[in-house]
Amino acid sequence: MLLSWGTFGHEHINKAAVFALPEAMLPFFYNHIDFVTAESTVPDLRKYTLKDKSENPRHFIDLENFVSLDSLPLTLEEAKKKYDEKFLQQNGILPWYILEMMDKLTAAFKEKRKTEILFLAADLGHYLGDAAMPLHTSANHDGQQTNQKGIHSFWESRLPEMFGNKYNFNVPDAKYINNLQQETWKIIRQSHALVDSLLLIERTVRASFQDDKVFERDASGNILKTKFNQPLFTAEYAKAFHNKLNGMIEKQMKLAISNTSNYWFTAWVNAGKPDLSSLDAPEVSERNLKAMYQEKELFKNGNFFGIQSEKEY
């Protein structure tokens with residue numbers, strides 16, 4: 001079981017993305033910031049808890065298994081014509097699904113369907129978070145091909161839980177994306193470019209540790225497992241690996257935050273910049289206004305108010 005970015009990562013990504021939105025969008029999203037934050041992990045719940053088989057390929061793409069990256073289909077519809085269902089189920093549809101979600105979010109904005117806007121925006125933030133995680137773009141997604149099993153959840157869940165409270169999540173204001181297809185594949189390729197260095201860093205760190213210092217073990221010497229049946233790395237090893245990554249995780253989380261706010265903003269612009277203020281009762285927005293600006297100031301310093309993600313380790 002591999003929870004992409006974990007609860008900590010996805011919740012922080014979606015919540016931070018709200019504060020990068022422009023004034024015309026911020027009050028509406030702030031009114032529902034708790035929903036957008038909590039909803040960020042629902043795609044994983046559909047995948048793992050509800051066992052929704054259609055959900056699985058939406059979270060990744062194994063780029064190495066596609067023959068030519070230069071001739072990949074631009075849309076999900078074209079991908080389904082070029083590749084059979086089994087191939088896509090095994091190798092993922094993440095970038096195409098992001099683009100499909102953007103079409104749906106844009107339509108929801110255009111028709112001012114409040115519930116759909118919030119639901120689709122939160123889910124889209126999840127998949128954009130996945131796209132910023134390097135191992136979600138690789139067939140060697142858990143280091144299983146290089147004797148590094150367990151590295152996936154270690155990198156994206158354990159390390160953010162341990163060190164994420166010291167990250168600075170402030171990002172620039174949302175910007176409009178002129179070419180969504182080009183930008184989506186750019187995100188995927190940039191993440192994929194980090195795969196080899198991520199794995200090499202872990203191998204280098206492991207070579208400097210004695211075997212009994214890499215994993216937590218019980219009295220009999222057996223490697224302890226997490227509740228998701230993943231090997232439990234020692235805190236000492238986690239610190240060494242995190243330091244050697246030299247800010248990679250924080251950088252990728254910030255990229256995910258920017259990407260999420262950029263895509264939300266672009267969908268809203270492409271929908272004709274609808275007035276969102278009418279979607280909530282005026283007294284609700286007025287009540288939240290002071291707190292919104294207070295939290296916005298905290299965000300400028302990279303800090304959060306009132307977020308306490310469920311621990312997975």
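This is a predicted model: local features need pLDDT of at least 70, side-chain atom pairs count only at pLDDT 80 or more; totals for chains, interfaces and linings use all residues.

Reader: Where does K112 lie, and what is its phi?

Author: K112 sits in the loop between α7 and α8; helices are DSSP runs of H or I with at least four residues, strands are runs of E with at least two, and both are numbered from the N terminus. Its phi is positive, about 55°, although K112 is not a glycine. Most residues other than glycine have a negative phi.

Reader: Which loop holds K273, and why is K273 called exposed?

Author: The loop between α13 and α14 (282–300) holds K273. Its relative accessible area is 51%, and therefore K273 is exposed. K273 also has a positive phi, near 55°, and is a residue other than glycine.

Reader: What makes A108 buried?

Author: A108, in helix α7, has a relative accessible area of 0%, so it is buried. Not counting residues up to four places away in sequence, A108 touches R113, E116, I117 and L120, where contact means heavy atoms within 4.5 Å. A108 and F154, in turn, are 46 residues apart in sequence and 36 Å apart in space, C-alpha to C-alpha.

Reader: How do you know that M101 is buried, and which residues does M101 contact?

Author: M101 is also placed in helix α7, and its relative accessible area is 3%, so M101 is buried. Leaving aside neighbours within four places in sequence, M101 is in contact with L120, D123, L124 and Y127. Of these, D123 is 22 residues from M101 in sequence and 8.4 Å away in space, C-alpha to C-alpha.

Reader: Why does T37 count as buried?

Author: T37, in helix α3 (residues 33–38), has 9% relative accessibility and therefore counts as buried. Beyond its neighbours within four places in sequence, T37 contacts E11, N14, K15 and I307. T37 and E11 lie 26 residues apart in sequence and 4.9 Å apart in space, C-alpha to C-alpha.

Reader: Why is α4 called roughly perpendicular to α8?

Author: Two packed helices are described by the angle between their axes and the distance between the axes. Helix α4 (residues 42–49) and helix α8 (residues 114–131) pack at about 75°, with axes 8 Å apart; axes are lines fitted to C-alpha atoms, for helices over the stretch in contact, and angles run from 0 to 180 degrees between N-to-C directions. That angle makes α4 roughly perpendicular to α8, since angles under 35 degrees count as roughly parallel, over 145 as roughly antiparallel, 65 to 115 as roughly perpendicular and the rest as oblique. In this contact P43, D44 and R46 of α4 meet F119, D123, H126 and Y127 of α8.

Reader: What makes α10 roughly antiparallel to α13?

Author: Helix α10 (residues 180–192) and helix α13 (residues 248–270) pack at an angle of about 170°, with their axes 12 Å apart. That angle makes α10 roughly antiparallel to α13. L180, E183, T184, I187 and S191 in α10 meet Q252, N259, Y263, T266 and N270 in α13.

Reader: What is the volume of the largest pocket, and which residues are closest to its centre?

Author: Its volume is about 240 Å³. On a 1 Å grid over the protein atoms alone, a pocket is an open set of points with protein on both sides within 12 Å along at least five of seven lines, and lining residues have an atom within 4 Å of a point. The volume is the space filled by probe spheres set on the points, which are joined across faces, edges and corners. Of the 13 lining residues, P57, K80, E85, Q89 and I93 are closest to the centre. The largest share of the lining, three residues, comes from α6.

Terms used. Residues are numbered from 1 along each chain as its sequence is written. Side-chain values use heavy atoms; hydrogens and water are left out. On a 1 Å grid over the protein atoms alone, a cavity is a set of points where a 1.4 Å probe fits but cannot get out, and a pocket is an open set with protein on both sides within 12 Å along at least five of seven lines; lining residues have an atom within 4 Å of a point. Buried means under 20% relative accessible area, exposed over 50%, partly exposed in between (1.4 Å probe, protein chains only).
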